[in-house]
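Me: I am new to this structure and would like to go through it in questions and answers. Please show it to me.

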Amino acid sequence: MRTIIEPFRIKSVEPIEMSTPEQRARWLAEVGYNLFRLPADRVLIDLLTDSGTSAMSAAQWGAMMVGDESYAGARSWYRFEETVRRVFGFPHVVPTHQGRAAERILFGCTVKRGDIVPNNGHFDTTRANIEYLAGEAIDLPCAEAADPTTDEPFKGNMDVQALEKLLVDRADAVPMVMLTITNNTGGGQPVSMANIHAVAEVARRYGKPLYLDACRFAENAWFIKQREDGYADVPVPQVVREMFSHADGCTMSAKKDALVNIGGFLCTRDPSLAAREKDLLILTEGFPTYGGLAGRDLEAIAVGLDEVLAEDYLRYRNVSIAYVVNHLHDAGVPVLRPAGGHAVYLDAGRFLPHVPALQYPGQSLAVELYRHAGIRGVEIGTVMAGRDPATGTERPAPLELVRLAIPRRVYTQSHMDYVVEAIVEVFQRRESLPGYRISDEPPFLRHFSATFAPL
Ligand SMILES: *Cc1c(COP(=O)(O)O)cnc(C)c1O
């Protein structure tokens, strides 16, 4: 069969409140054309993020009912710890309420003023947690990552030569090397096993631990199985174990590839580091057998970590995103390629060449997708990254993108067909889309709360 079906049926549904373009035009004006300010029930298809938006399975809901809420040593903790150890292979597991808490605790124990942490692509909270400690977060993406139009299989890779050069020059200042799998800021592009291995080898030669930012570890493993020589017949759990066998630890947001709405953890092989992490954990997150989570959350994560490794699930997930990307590409719509693991990225710079960067083409496109069809995505371009925090001046971002992140197990094929149709319709009358100006902006992270006006 050519049709790949959703490998689940639906037991519990959440109604979508339908609305018209006229209603949505009014709501847009009310919130100053900022989609973050919209109440979610005014959205038909919400593609703002894939973080914490997964649908849980009946097995996860069932496990939540037997969650053990004991303060210390809960049964749910032991189930969670056993699952994380088995899936990732690390001896020490520290639970946290989400990924950034794991980052804060790891860096709080390892990064000091002036330190440098290299990564293929730091996620924004990872970068912010390093910078908060007066460290420097350096991105070393591979050269292929720069071209959004080529079909290279592993655009998430790190530039290994650049890493080696950094370590030759500044090894003393580097407390650890990190790899983000998949590379979220680089478009959800995967890192190959060969690259993980090569990065680990360089790090080891300089005596540096390698940490994986593991948020989308299962999606990355699926890409390795599909695209890298020698992995086609290796079961996904074994690919995962091999990926993490090269690392000394990881940080994880369970809001992504653990198929839950809240949670996270960090792992290490170093017993003394684990002890220091747990001391800090008690101060801000909670006792080391719950770390800011309820027992029921630990249960849902334990079940989700096994469900996410099911090949039927990963095939459906991967194919449904590639389906949107390929249909858009065939219709001539400029879209980042190849399809990443968790999102579709429209290239608004090429979509709206008549709108200059400082009139925010990504914002214009995101607003029109909502007005036209009730689809909520997010601008990743000059609105998000154009204000230089050092000088206060504004300059164009390298790319003007609109990210449509696909929540896990939430939308069906017909929802994706609707998304494709809406984007193609907007593309056909793209010349009519206006630029925007910012009417009001806060001093930092302006994309969350700024207001806009069409020009
Ligand atoms: C989401 C994310 C984080 C942070 O996790 P939160 O649970 O949102 O705190 C860190 N790294 C990457 C790659 C992410 O996608």
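Me: How are α8 and α9 placed relative to each other, roughly parallel or roughly perpendicular?
Reply: This is a predicted model. The axes of α8 (residues 217-227) and α9 (residues 236-245) come within 9 Å and cross at roughly 105 degrees. Angles of 65 to 115 degrees count as roughly perpendicular. The two helices α8 and α9 are therefore roughly perpendicular.

Me: How many nonpolar residues does the contact of α8 with α9 have?
Reply: From α8 come Phe-217, Asn-220, Ala-221, Trp-222, Ile-224 and Lys-225, and from α9 come Val-236, Val-239, Val-240, Met-243 and Phe-244. By class, one residue of this contact is polar and one is charged, while the nonpolar ones number nine.

Me: Is α3 roughly parallel or roughly perpendicular to α11?
Reply: Helix α3 covers residues 75-88 and helix α11 residues 295-307; their axes come within 8 Å and cross at roughly 25 degrees. Because angles under 35 degrees count as roughly parallel, α3 is placed against α11 as roughly parallel.

Me: Which hand does the crossing of α3 and α11 have, and how many charged residues are in the contact?
Reply: Where α3 passes α11, the crossing is left-handed. The contact includes Trp-77, Arg-79 and Phe-80 of α3, and Leu-298, Glu-299 and Ile-301 of α11. Its residues divide into 10 nonpolar and three polar, and the charged ones number four.

Me: Which strands stand at the edges of the sheet of five strands?
Reply: This open sheet has the order β2-β8-β7-β6-β5, and its pairing is mixed. A strand at the edge has a single partner, so one of its sides is left without a neighbour in the sheet. That is the case for β2 (92-96) and β5 (177-180).

Me: Within that sheet, which residue of β7 stands opposite Tyr-211?
Reply: Strand β6 (residues 210-213) is joined to β7 by three bridges, and the two run parallel. Across this pairing, Tyr-211 stands opposite Gly-249.

Me: Is Ser-253 buried or exposed?
Reply: Ser-253 lies in β7, which spans residues 249-253. Apart from residues up to four places away in sequence, Ser-253 touches Gly-99, Cys-215, Gly-263 and Gly-264. Its relative accessible area is 5%. Since the cut-off is under 20%, Ser-253 counts as buried.

Me: By how many degrees are neighbouring strands of the sheet of three strands turned against each other on average?
Reply: The three strands form an open sheet in the order β9-β12-β11, with antiparallel pairing. The edge strands, each pairing on one side only, are β9 (343-347) and β11 (378-380).

Me: Which residue in β12 stands opposite Asp-347?
Reply: Five bridges join β9 to β12 (residues 401-405), and these strands run antiparallel. In β12, the residue opposite Asp-347 is Leu-401.

Technical notes. Residues are numbered from 1 along each chain as its sequence is written. This is a predicted model: local features need pLDDT of at least 70, side-chain atom pairs count only at pLDDT 80 or more; totals for chains, interfaces and linings use all residues. Side-chain values use heavy atoms; hydrogens and water are left out. Two strands pair if DSSP finds at least two bridges between them. Helices (H or I, at least four residues) and strands (E, at least two) are DSSP runs, numbered from the N terminus. Axes are lines fitted to C-alpha atoms, for helices over the stretch in contact, and angles run from 0 to 180 degrees between N-to-C directions. Angles under 35 degrees count as roughly parallel, over 145 as roughly antiparallel, 65 to 115 as roughly perpendicular and the rest as oblique. A crossing is left-handed if the near helix is turned anticlockwise from the far one by less than a right angle, and right-handed if clockwise. Contact means heavy atoms within 4.5 Å. Ala, Val, Leu, Ile, Met, Phe, Trp, Tyr, Cys and Pro count as nonpolar, Asp, Glu, Lys and Arg as charged, and the others, Gly among them, as polar. Buried means under 20% relative accessible area, exposed over 50%, partly exposed in between (1.4 Å probe, protein chains only).
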